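Here is a short tour of the model you have open.

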Amino acid sequence: MKKILAAILALTSLIVMCACGPKVELTTYAQFKAAAVETEVTVETYVQAKQSWWNDKATIYTQNEEGAYFLYELPCSKEDYDKLTEGTKIRVTGHKAEWAGEVEIIDSKFEILSGSYVAPVTDVTGVLGTDKLIDYMNMKVAFKGMTVEAYDETGAAFAYKDPEGKTDDLYFKVSKDGQTYGFCVEFYLCGKDTDVYKAVEALKVGDKIDLEGFLYWYNGANPHITSVKAAQ
Amino acid sequence: MKKVLPLILVMLVFLPALVSCHGSHGMLEFQMPETFDGSKQYELVFWAKNDTNKIQTKVYTDAIASFQELYPNIKIKLSLYGDYGRIYNDVITNIATGTTPDVCITYPDHIATYMTGENTVVRLDEVFKDEKYGLHGSELKFDSPGFDQIVPQFIEECKIKDGYYAIPYMRSTEACYINKTFVEALGYEIPETLTWDFIWEVSEAALAKNGDGTYKLNGGNVMIPFIYKSTDNMMIQYLKQAGAGYSTSDGEILIFNDQTKEFLQTVAAHSNGAFSTFKISSYPGNFFNAGQCIFAIDSTAGATWIGSKATHLDIPKEDLIEFETVVKMIPQVNPDAPYMISQGPSLCVFNKKDPQRVLAAWLFAQYLLTDTVQITYAETEGYVPVTLKAQETAEYKEYLSRAGEDNDHYYKVKIEASELLLKNRQYTFTTPVFNGSASLRDAAGQLIENTVKSVRRKETVDDAYFVKLYSDVNALYRLDQINTGESVMQKALGKLPKTAVFLLVSLGAVWTLIAAGFIYRVVRKKRAEMREKT
């Protein structure tokens, strides 16, 4: 009997010890927003899109049910990068940073967790040009019923950053209710062979379009567009 | 003999395979052909960088068009990159697969790494001197500069180890762009030569706040008085000015010294608001133009983006404020013995199996030194032409004399930035180039970036911190492997496959057997002859 009791006690202790592993204190999105730059944060979030991988560093758009986090140069092997598909749950510990207005997490580390979530697209057309837009920073968003404007004095509907090799971003301008906004097809996110890159190359001034993308920030809103379609 | 023949046959079968596999190792050194074959068609690949400046792209395309008119059998395919790091990375990858571009704009630090592939980059010493196709050669269809007409400092920067492996394309330096209006509002006068002490003092004074938390100087919520774009240059130039170690010419790492630590301690003391970097905060020019920065240190090649009347703008127009911009040499340790970096792109020519193709590439590279290309490209930014020939043309002198006539081609800040280098060329320097010098440069910047971040994150920055910082940065950039470890190229190529190792070992064994057999037969023959004689 003593032996049985001792075995039960040992087993119980083991279970308790396992349950009492290091507790991770997660940062909520509200806490993240309120935190000062350089604060260490730990978030559980889900990969929505991957921008690039280079030199063992990945740049990734992520979002959970509360808000979005842009992970800049996350140390990541190519093997792990390939595992990060849309919806993959990850836990990220890093530092909040702000670069040209873009709030991001840098100097971080991550682990892949079980679970999946693909964020819905939020229509932010109504808050374009208002102070509320910043609340949607880095989220997967949509802009509907936009009109293509001339990008520059040449009257072109878009501009290449590298017109010769097409190895870089595409820029274009769209308007709504008399206000014009600059949008971008980020080359590492959507290269020249993607539908969105080709769709922007086919744009004409005056076209009415619906757009989707990630609400990146660069000295103001600078959405990284992933989809361009004729307005519904 | 019957036994030896199969061995030779085996070797003949395997040797070419061994030679051709695994990248472009073993390419023969380029020899200048007697004449250029104008009947053969060449499509050359040219990798270049543009600074988000459409006019620069046009200079390239115009140069290509006019070159192709002169040499209709040469077609140039241009690929533009956004940064030098990507070019470097792609070249390394393409050396491994034998698909390098023909001509590439790059930095000498990077060329030193490319050179770890045997004869990958064309050595230019003899090429320069070639009577027909060398610099100012008799058979050229354009007026290229002679060797003596290239600015001596700039061509010397292209000397790596024992020879020239590049030609300079453009040169720039760093400038300190100053909001004079702010400096004077704080009660200071800008000295003729800036010192670090002056910048730190004014920067701290600019942090004074109103009761509501806004900055007294600009009335706003944002003020980073001093922002440095390239922290690797910041460290390198400080060490040079202070007479402290950085590296020796053959790659001995000297950067982890007490003066480096002293400088980092100073940086740390001002990282609670007075100082930041491009990597941490963003482009200095953007803060500068918005009246949120007093001292912006950036390349003279970015001068068109700086000032309240800047030609190019990266922030909303409504964020611009009016102020007077002054362009000065970077801050100095000793104003009487100033030092500033010489930087800027160079051109290297990659070796190929067909010497005619290499000659075609060399002709194009050399064409980029002609006056029109040099002047038009230099005028797009605060660059200077690398040839005295171009610098001394009436056209270029007139351009310089018209500073401030408009805010575009004759933008004052841009021309003053070019003049800064033209007038102070004697104070410029470059760092030693060796395989691994690019990593050392990155490490130099990382020391500052880490220190600033640590202060901002309220970490303890003390002696123990710097011991760990040195160790971390040393490990991150593998600086301890620069002389003894495997090269970047070896890493790019990877380990030899087992089959190749087996074949190489077999080959060695076969050669040994052949040699042994040969010696055995010679000895036996000699003995037989001696026996016959006796």
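## Two domains in chain A

In this predicted model, chain A splits into domain 1, covering 23-116, and domain 2, covering 122-230. Their C-alpha centres are 24 Å apart. Where the two domains of chain A touch, domain 1 contributes 13 residues and domain 2 contributes 14 residues.

On the domain 1 side of that contact, four strands of chain A give two or more residues each: S1 (40-54), S2 (57-63), S3 (68-75) and S5 (102-116). S1(A) gives the most, with four residues. By class, this side of domain 1 of chain A holds seven nonpolar residues, five polar and one charged.

If you take the contacts in chain A between residues at least 6 apart in sequence, 53% of them join residues at least 24 apart.

## Where the chains meet

The contact between the chains draws 16 residues from chain B and 13 residues from chain A. On the chain B side, helix H2 (54-70) and strand S2 (74-81) each supply at least two residues. S2(B) gives the most to this side, with four residues. The side of chain B that touches chain A is made up of five nonpolar, eight polar and three charged residues.

## A sheet in chain B

S2(B) also belongs to an open sheet of five strands in chain B, with the order S2-S1-S3-S14-S6 and mixed pairing. The edges of this sheet are S2 and S6 (167-168) of chain B, each of which pairs on one side only.

Further in, S3(B), residues 103-106, and S14(B), residues 346-349, run antiparallel and are joined by four bridges. If you want a place to start looking, B:Thr106 stands opposite B:Ser346 in S14(B).

## The nonpolar cores

Which residues touch the most other members of the largest nonpolar core? They are B:Tyr165 and B:Phe364, in a core of 141 residues. Helix H13 of chain B (residues 355-367) gives the most to this core, namely nine residues. Domain 2 (23-171 + 344-392) and domain 3 (174-341 + 426-481) of chain B both give residues to the core, so it lies between them.

Beyond its neighbours within four places in sequence, B:Phe364 is in contact with B:Leu44, B:Phe46, B:Phe67, B:Ile74, B:Ile76 and B:Val103. Apart from this core lies another, of 47 residues, including A:Phe70, A:Met137, A:Tyr197 and A:Val200. In soluble globular proteins, nonpolar side chains tend to be buried together.

## How confident is the prediction?

For the complex, the predictor gives an ipTM of 0.82 and a pTM of 0.83. Chain B has an average pLDDT of 89, and 87% of its residues score at least 70.

Two stretches of chain B call for care. Over residues 9-25 of chain B the pLDDT is below 50, and the model shows 26 contacts for this stretch beyond near neighbours in sequence. Over residues 484-497 of chain B the pLDDT stays under 50 as well, with 21 contacts beyond four places in sequence. Where pLDDT is low, the predicted coordinates should not be read in detail.

Methods:
Residues numbered from 1 in each chain as written. Chains lettered and ligands numbered in written order. Predicted model: local features only at pLDDT ≥ 70, side-chain atom pairs only at ≥ 80, totals over all residues. Core = buried A, V, L, I, M, F, W, Y, C linked by C-beta atoms within 7 Å. Buried ≥ 20, exposed ≤ 12 C-beta atoms within 10 Å, placed from the backbone. Domains from an automatic or database assignment. Contact = placed C-beta atoms within 7 Å. Nonpolar A, V, L, I, M, F, W, Y, C, P; charged D, E, K, R; others polar. pLDDT = per-residue confidence, 0-100. Pairing = 2+ DSSP bridges.
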